[in-house]
Each structure stands twice: as structure tokens, then as C-alpha cells.
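Here is a friendly walk through one protein model, written to be read with the structure open beside you.

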Amino acid sequence: MRCPFCDNEDSKVIDSRPSDEGRAIRRRRECEKCGKRFTTYEKVEATILMVIKKDGSREAFDRDKLLYGLIKACEKRPVSMDQIENVVNEIERGLNNLMQKEIQSSFIGELVMDKLKELDEVAYVRFASVYRQFTDVNTFIKEIEELVDKKKGKVRK
């Protein structure tokens, strides 16, 4: 690591410890030429995940947008912020583990609905109504009937 004081390329690590809740490593270094000490941080280089929208446009994945959508779906439901944040963390981790630079918004929407279906069925129907753009009461009824049938183990055509 290059010394920020004398530009020498040789330095030694005198202390290392985790930082940023284990997401980085803080290193205290000492320049072997001038003897001055400085701090460096080592962390995984984050790649930007692009989301391909229904209309073909692209935008950077926004964790806060996902969180806000889940909060709205779970409003006035017995779902804690910890549970919502856990869902967001699981989805974000899963997307990062795919190791893709671009992902369809529909894939993310399906992941969210799968998680909500397990977490709270009312929140699931709320989210699905916006995500799938329900246009009338019959669409709601059909979705709820499918949800009930799956719970009972039936398959509806």
C-alpha cells in the first residue's frame, strides 16, 4: 500500500480488525521509509445491480424502494420492522448471489410475493394487487381463492 505522506510503496500492517459490522477490515499501517502511520480499509467491491423494468428501461437496484413497498403492503398488519428488514435482506442477498449484472423486475416481484405469502397473506394480496395491477374485484377474488386452495392442498384451474 502506497504511503500517503511520502509516496513510498512499502508499508507494513501493524494492526487489523473487523469494521462496519464485519463488512470491512480496518488496517493500521506503518510506512517503512518515513515511519508515519495511516489507516486503510479493505472491503468487497460492490457491483451495481441493474433492474430491467417492464417497459425495458433500466435503473439501479434500490433497497429502499423494496423496503418501502414491503412497508406499504404490511401497513396495519402484525408484521414487525425486523421481519420486513429480514425479507429485504434475504431478497437482496439472493439477488447478489445470482452474480448477474441485470435482473428483470418481474423476477424481483415474484420473490417478494413468495416471501410475503409466507409472512402475511393479507400483505401478500395487497402487494399482488399493485404488482399484478388488479383491475376489478373478480381478480382479487380469484387470487384469494387460489391462496385458500393452496393452503388446503387443492389445485385450481
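The report below takes the sheets, then a helix pair, then the pockets.

## About the model

This is a predicted model, in which local features need pLDDT of at least 70 and side-chain atom pairs count only at pLDDT 80 or more, while totals for chains, interfaces and linings use all residues. Residues are numbered from 1 along each chain as its sequence is written, and side-chain values use heavy atoms, with hydrogens and water left out.

## The β1-β2-β3 sheet

Start with an open sheet of three strands, ordered β1-β2-β3 with antiparallel pairing. Strands here are DSSP runs of E with at least two residues, helices are runs of H or I with at least four, and both are numbered from the N terminus; two strands pair if DSSP finds at least two bridges between them. Because β1 (11-19) and β3 stand at the edges with a single partner strand each, one side of each has no neighbour in the sheet. The twist averages 25° from one strand to the next, with angles taken between N-to-C directions from 0 to 180 degrees and axes fitted as lines to C-alpha atoms, for helices over the stretch in contact.

Strand β2 (residues 24-31) runs antiparallel to β3, and seven bridges join them. Along this pairing, Ile-25 stands opposite Glu-42 in β3, and Arg-27 stands opposite Thr-40. The two strands form a hairpin with five residues between them, and Gly-35 in the turn has a positive phi of about 80°.

## The β5-β4-β6 sheet

A further open sheet of three strands has the order β5-β4-β6, and its pairing is mixed. Here β5 (58-60) and β6 (102-104) are the edge strands, each with a single partner, so one side of each is left without a neighbour in the sheet. Neighbouring strands are turned by 35° against each other on average, direction ignored.

Strand β4 (residues 50-52) runs antiparallel to β5 and is joined to it by three bridges. Within that pair, Val-51 stands opposite Glu-59 in β5. Helix α3 (residues 105-119) packs on this sheet and touches β4 and β6, its direction making about 65° with that of β6.

## Where α2 meets α3

The axes of α2 and α3 come within 11 Å and cross at roughly 145°. From α2, the contact (heavy atoms within 4.5 Å) involves Gln-83, Val-87, Glu-90, Ile-91 and Leu-95, and from α3 it involves Phe-107, Ile-108, Leu-111, Val-112, Lys-115 and Leu-119. By class, these residues divide into eight nonpolar, one polar and two charged. In this count Ala, Val, Leu, Ile, Met, Phe, Trp, Tyr, Cys and Pro are nonpolar, Asp, Glu, Lys and Arg are charged, and the others, Gly among them, are polar.

## The largest pocket

A pocket is an open set of points on a 1 Å grid over the protein atoms alone, where a 1.4 Å probe fits, with protein on both sides within 12 Å along at least five of seven lines; lining residues have an atom within 4 Å of a point. The largest pocket is lined by 23 residues, with Val-44, Glu-45, Ala-46, Thr-47 and Asn-96 nearest its centre. Helix α2 gives the most to this lining, with six residues. Nine lining residues are nonpolar, six polar and eight charged.

## The second largest pocket

In the second largest pocket, 21 residues form the lining, and Lys-53, Lys-65, Ser-105, Phe-127 and Tyr-131 are the closest to the centre. Here α1 gives the most, with five residues. The lining divides into 10 nonpolar, four polar and seven charged residues.
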